[in-house]
Amino acid sequence: MKKVLKNIGKTALFRCIFPLLYTWYSRKPVQKNRVLFLEIRYAGLTNNFTLLYEEFCKKETFTVDVSFLGNSVFSYKDYIKSCFEMLKPLAVSEYVFVDESSNVLAALPIRKETKLIQTWHGCGAFKRFGYEGTANLKEKYYNAYTFTTVSSPAVVDIYAKSMGQDRKSVLPIGVSRTDVFFRQEYIDSCKKQIRSSYGIGEEQQIILYAPTFRGNVQEARSPKLPDWQKMYQNLGKQYVILYKAHPAVKALPEIPDACVDFFYDASKEEIESLMCASDLCITDYSSLIFEYSLLKKPMYFYAYDYKDYVTERGFYYTYDEFVPGSIYYNEEELIKGILEEKEDSLQKVVEFRERFMSACDGHATSRIIEKVLNE
């Protein structure tokens, strides 16, 4: 009975109360040059918005706001409260930026005077999502965005279908947050900071291990991690491993006592810093491979549960033909692959980058802003 009542309340909120309240606030005119960044998942400004936010704040004639819905970190009660709070600034903003789909936003009759820009949180196209996903969305989660920015012409059709958009509104003009990978001063600073923070000597190479989560985002869990002691016995003299959990994963791993100088939980660090500081990356099905390709470093794919995962999520491309590196299904294969790095591994990365990240050249933020202001 409790679940039934909750569903009735949710239906009333999203089909009646939120739309009506938004319409009520929309009686007032849109405020010229007012910008709203709408963080759907988290309670702080993420790297998806940082550069855009900073650039708009530099413009004296603009008013810049941020609303945090926190649907991945807040309780349901607090999420609903944050939805109510964002309706008023949303209704009067001229420009609204989002980086994720949203059930509350999709429920609203966004006024035509507002430009709604989707700067999706992932580059390229890897796992199926949205209306192309294996779960098949039962509710509306996407709006008729003014436009959506993507990393390459190669993924325009995928985003249009997955979001239910007109392909003309999906623009391959780059992803703002990737601009940092073209700033040598930033890269050098990340290398220095990470090595200093974890006491890593210059003679040691840094392996970034950054797997995606398993399950759904609300109950995200870490994948089965490799046998760190086995990795340490074979790689410990030359390498250290920095583990970066997906932001949605709450339970972090315990570090074996024997591996304290080899395996470090670096989940608190920004992923961009770790990518810049690392010498190579081990991942599985994470979309970070698109950003990582910009750095032209080797990638290794530890996919022990590939058959289960592809059934659960589905991919846009055939996995073993798509990823820019070799695939390994157990620790022994992975260790051997790292020690016997193939000479053609970086060529795969370069080809992958040219295909999926061609619009990311260090100037995406300025292009997006120019498009927003001149649309």
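I looked up what lines the second largest pocket: helix α1 (residues 2-25) gives the largest share, five residues. Helices here are DSSP runs of H or I, at least four residues, strands are E runs of at least two, and both are numbered from the N terminus. The model is predicted, so local features need pLDDT of at least 70 and side-chain atom pairs 80 or more, while totals for chains, interfaces and linings use all residues. Residues are numbered from 1 along each chain as its sequence is written, and side-chain values use heavy atoms, without hydrogens and water.

Next I checked the lining by class, and found two nonpolar, three polar and four charged residues. Among them are Phe14, Arg15, Asn103 and Glu139.

Then I went to helix α7 (residues 228-235). Which of its residues are buried? I found Trp228, Met231 and Leu235; buried means under 20% relative accessible area with a 1.4 Å probe, protein chains only. Seen down the axis of α7, these residues fall within an arc of 60 degrees (taken from the directions from the axis to the C-beta atoms), so they line one face of the helix. At the start of α7, I noted a side-chain oxygen of aspartate 227 within 3.1 Å of the backbone nitrogen of glutamine 229.

Last stop was valine 175, in the loop between β6 (170-171) and α6 (184-198). Is it buried or exposed? Valine 175 is buried, with a relative accessible area of 8%. Leaving out residues up to four places away in sequence, I saw that valine 175 touches Cys123, Val150, Ser151, Cys360 and Ala364 (contact means heavy atoms within 4.5 Å).

Technical notes: On a 1 Å grid over the protein atoms alone, a cavity is a set of points where a 1.4 Å probe fits but cannot get out, and a pocket is an open set with protein on both sides within 12 Å along at least five of seven lines; lining residues have an atom within 4 Å of a point. Ala, Val, Leu, Ile, Met, Phe, Trp, Tyr, Cys and Pro count as nonpolar, Asp, Glu, Lys and Arg as charged, and the others, Gly among them, as polar. Buried means under 20% relative accessible area, exposed over 50%, partly exposed in between (1.4 Å probe, protein chains only). A polar contact is a pair of N or O atoms within 3.5 Å; within protein, one must be able to donate a hydrogen and the other to accept it, and residues adjacent in sequence count only if both atoms are side-chain atoms.
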